[in-house]
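I am new to the structure and would like each term to be defined where it comes up.

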Amino acid sequence: MIQAPPIAPQESLEALSSAAANFATIANDLLAGYEALAQRAQRIERELAVSNAALAARLAEVDGLNADLGALLSALPCGVIVRQGDGSIRRSNPAAAALLGCAPEALGTAWARLREEAETDPAGRLIWRSPRGLRVLAERSVRLPGAAGGLLQILDDQTHLAELEQRMQGASKMAALGTLAAGIAHEIRNPLNAVGGFGDLLAQRLPAGSKERHWAELIGAGVTETNRIITGLLHFARPGQIALGELRLDRLLAELAEGAGAHPAAARGVRIEIECPPLSVRADGAKLRQALRNLLENALDWSPAGGRVRVRAWCTEGEACVSVEDQGPGVPLADQAHLFEPFFTTRAEGTGLGLALAHTIAALHQGSLTVDAQRSELGGARFLFRWLTTGGAPPEPVAPGAQTPPATLPR
């Protein structure tokens, strides 16, 4: 067995001393690295604290801006809809839901239905029948910046503006109409009366039943119709004052229905139904008769063969109301805004003065003439003539058709 030579004590001491020195060096290096790492961690913590503070301030600022934006959107009278790139609604304000008459979560469906049902006026605005009646809506869209895209829609209810525009146009036409009417009355009526007189004399001298007499009678009928147009024009341009008095509304309507027996609609089998309890109201009898006659004739003109025209009258506290509805095609949305303008008509034989004159007479009685945005119960148009009245009304409000059943007059 071979034995290793013994290590000298001096060599063992030197090896141990070298190992201790190496360990000390490593320990010093580790300590220095730890101190550097601790300093770096402290620096990062300070920087993170500063960043967190800045981020918190920025978030608070964003929250404040969002709150301000929310308050601003809520205060805007026009509707605002913010859409994502895929068309879904990201945000809206209460006015948008109010304009469309729906809940905020149903905005998308309500807007799609509106675009499908609405018509467009010459100014590019949307006209549609809302739960609140006929409305005029202007819509503007702006593309949002960014890669995701999106759309900002602004909805502005311009119903009141459209009404003001219509009134201004009406006032302008009235000014021109007054001058025109005066000239027509003077320049046309005198020779027209002469033509009518000679036509009547000619008809009297011709044999009854002859073609020549029929032609002479047509001359007289044409003169009468032209005179009626001139009279309506004068009344519309210069309606004058009203003379209020007591009258029985039920009797007036019965007389108008009886007089309508000569209307061409009677030959088509059109029936007139009157629903009016005994009512005494205050109004200008002559002008009220003229206005209601125009409404009745308008309904008869649009009624199909065998159709019905229903006239209802009732009183509420301080107000009298007469509605006239037919079974005709109704009034298109685009026409409703111009329906009461002078000379506006959709019939080839119409003059465009009947409804305009009735509208003026309603205004003279501190009332109004309106057409329903929706179709009537009979399926056609429904006009409502209402005016302020005092005295003579029943002690309690009378609902339309509540006291008497419909009376169908013989034609």
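Arginine 143 stands opposite leucine 151, the latter lying in β6, where leucine 151 is also the bridge partner of arginine 83. The model is a predicted one, in which local features need pLDDT of at least 70 and side-chain atom pairs count only at pLDDT 80 or more, whereas totals for chains, interfaces and linings use all residues. Residues are numbered from 1 along each chain as its sequence is written, and side-chain values use heavy atoms, with hydrogens and water left out.

The strand β5 (residues 133-143) runs antiparallel to β6 and is joined to it by 7 bridges; two strands count as paired if DSSP finds at least two bridges between them. On β1, the pairing with strand β6 (residues 151-157) is likewise antiparallel and extends over 5 bridges. Strand β1 (residues 79-83) is also joined to β2 by 3 bridges, again in the antiparallel sense, and here isoleucine 81 stands opposite serine 92 of β2. Taken together, 6 strands form an open sheet with antiparallel pairing, in the order β2-β1-β6-β5-β4-β3. Its edge strands are β2 (89-92) and β3 (119-120), each of which pairs on one side only. In general, strands of a sheet pair through backbone hydrogen bonds, either parallel or antiparallel.

This sheet belongs to a chain whose secondary structure comes to 11 helices and 14 strands, where helices (H or I, at least four residues) and strands (E, at least two) are DSSP runs numbered from the N terminus. Of the 411 residues of the protein chain, 34% count as buried, a term that means under 20% relative accessible area, while exposed means over 50% and partly exposed lies in between (1.4 Å probe, protein chains only). Among contacts in the protein chain with a separation of 6 or more, 65% are accounted for by residues 24 or more positions apart, contact meaning heavy atoms within 4.5 Å.

Turning to the helices, α7 (residues 249-259) and α9 (residues 285-302) pack at an angle of about 50°, with their axes 10 Å apart. The axes are lines fitted to C-alpha atoms, for helices over the stretch in contact, and angles run from 0 to 180 degrees between N-to-C directions. That angle makes α7 oblique to α9, because angles under 35 degrees count as roughly parallel, over 145 as roughly antiparallel, 65 to 115 as roughly perpendicular and the rest as oblique. The residues making the contact include Leu252, Leu253 and Leu256 of α7 and Leu288, Leu292 and Leu296 of α9.

In helix α11 (residues 354-364), the buried residues include Leu355, Leu357, Thr360 and Ile361. At 62% relative accessibility, glutamine 366 counts as exposed.

Finally, the structure holds 2 aromatic pairs. Phenylalanine 340 and phenylalanine 383 form one that is edge-to-face, 6.4 Å centre to centre with 70° between the planes; rings of Phe, Tyr and Trp (its six-membered ring) pair if their centres lie within 6.5 Å, and planes under 30 degrees apart count as stacked, over 60 as edge-to-face and the rest as tilted. This pair links distant parts of the chain, 43 residues apart, with phenylalanine 340 in the loop between α10 (333-336) and α11 and phenylalanine 383 in strand β13 (residues 382-388). Both phenylalanine 340 and phenylalanine 383 are buried.
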